[in-house]
Amino acid sequence: MPGTVGVTAAGASATDRPGREKRWRRRLTRAAALGLAALLLVSLPWLWTTIYARGHVYDEADAPAADVVIVLGTAVAADRRQPGDRLAGRLETAAELVNRGRARVVLVSGDGGGTSGDEPAVMTSYLTELGVDPRRVVADPFGLDTYDSCVRARDVYGVERALMVTQSYHVSRAVTLCRHLGLDVDGVNARCSGCGPALLVEKSVRDYFASGKAAWDAALGRPPAVSSPVDTAVQDALRG
């Protein structure tokens with residue numbers, strides 16, 4: 001009878017195989033659904049920044065006019081005296097906007113004590129090299145991140161309407177944050193002659209995840225890292 005037991009076991013195993021396959025398919029379907037739900041949840045902040053900025057982002061040639069153009073800081077070059085490629089592109093775009101009469105005053109907002117150097121000081125110097133009157137440049141050394149730059153432009157420098165210059169991977173997040181905070185801001189895609197495809201992909205991925213922090217900051221309405229009294233430098237430069 002051992003042969004009969006072996007046949008019976010083999011038959012039972014064959015009969016159970018479709019059931020096991022169905023269970024695995026159900027598990028895979030549930031796992032895929034959970035993965036998709038997680039992806040959508042993580043993507044919501046990025047979707048918010050992308051959709052909210054729609055219609056408010058321009059190329060340099062098509063930029064509207066505004067009294068003020070805000071340039072967001074980023075790393076300076078290794079010599080700590082010249083801007084890095086991305087920062088140089090932002091400043092060159094801003095200078096062209098001023099030269100074309102699309103803006104009158106430049107607010108450079110960055111980290112005055114950054115690990116790579118004093119961003120606003122380097123930005124001011126480079127704009128002067130590009131032919132922008134230094135009396136038309138105002139430096140905020142406490143624009144420690146995009147959110148802080150927007151809040152301080154509004155609360156410290158009294159900016160209500162502005163263009164905001166940064167690279168394409170960053171511009172929607174910057175515009176969304178500023179507009180959420182009540183500034184009438186249009187973004188302008190900055191030049192970036194030294195930015196290769198790999199760098200742009202890397203920064204785009206970083207910005208995708210940074211959108212989560214942006215949404216969190218906006219939801220909490222957090223104060224900037226550094227609070228300052230009202231500064232009339234922008235209005236003084238406009239009058240001058």
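In the structure shown, which is a predicted model, R239 forms a salt bridge with D236, and the closest N and O atoms of the two are 2.4 Å apart; a salt bridge is taken here as a side-chain nitrogen of Lys or Arg within 4 Å of a carboxyl oxygen of Asp or Glu. Both R239 and D236 belong to helix α7 (residues 233-239), where they are three residues apart, about one turn of the helix; helices (H or I, at least four residues) and strands (E, at least two) are DSSP runs, numbered from the N terminus. R239 is exposed, with a relative accessible area of 65%, whereas D236, at 35%, counts as partly exposed; on this scale buried means under 20% relative accessible area, exposed over 50% and partly exposed in between, for a 1.4 Å probe and protein chains only.

Because the model is predicted, local features need pLDDT of at least 70 and side-chain atom pairs count only at pLDDT 80 or more, while totals for chains, interfaces and linings use all residues. Residues are numbered from 1 along each chain as its sequence is written, and side-chain values use heavy atoms, with hydrogens and water left out.

Side chains of opposite charge can pair when their charged atoms come close. By the rule stated above, the count comes to 15 salt bridges. One of them joins the side chains of R191 and E60, at 2.9 Å from N to O. R191 lies in the loop between β6 (184-189) and α6, and E60 in the loop between β1 (57-58) and β2 (68-72), so this pair ties together parts that are 131 residues apart in sequence. R191 is partly exposed, with a relative accessible area of 35%, whereas E60 is buried, with a value of 17%. A further salt bridge is found between the side chains of R135 and D133, at 2.8 Å from N to O; here R135 counts as exposed at 67% relative accessibility, and D133 as partly exposed at 27%.

W46 lies in helix α1 (residues 2-52) and Y208 in helix α6 (residues 197-220), so the pair ties together parts that are 162 residues apart in sequence. Y208 also forms an edge-to-face pair with F209, at 5.0 Å centre to centre and 90° between the planes.

The C-alpha atoms of L200 and S168 are separated by 9.1 Å, although the two residues are 32 apart along the chain. Helix α1, in turn, contains K22, a residue that counts as partly exposed at 48% relative accessibility.

Key. Rings of Phe, Tyr and Trp (its six-membered ring) pair if their centres lie within 6.5 Å; planes under 30 degrees apart count as stacked, over 60 as edge-to-face and the rest as tilted.
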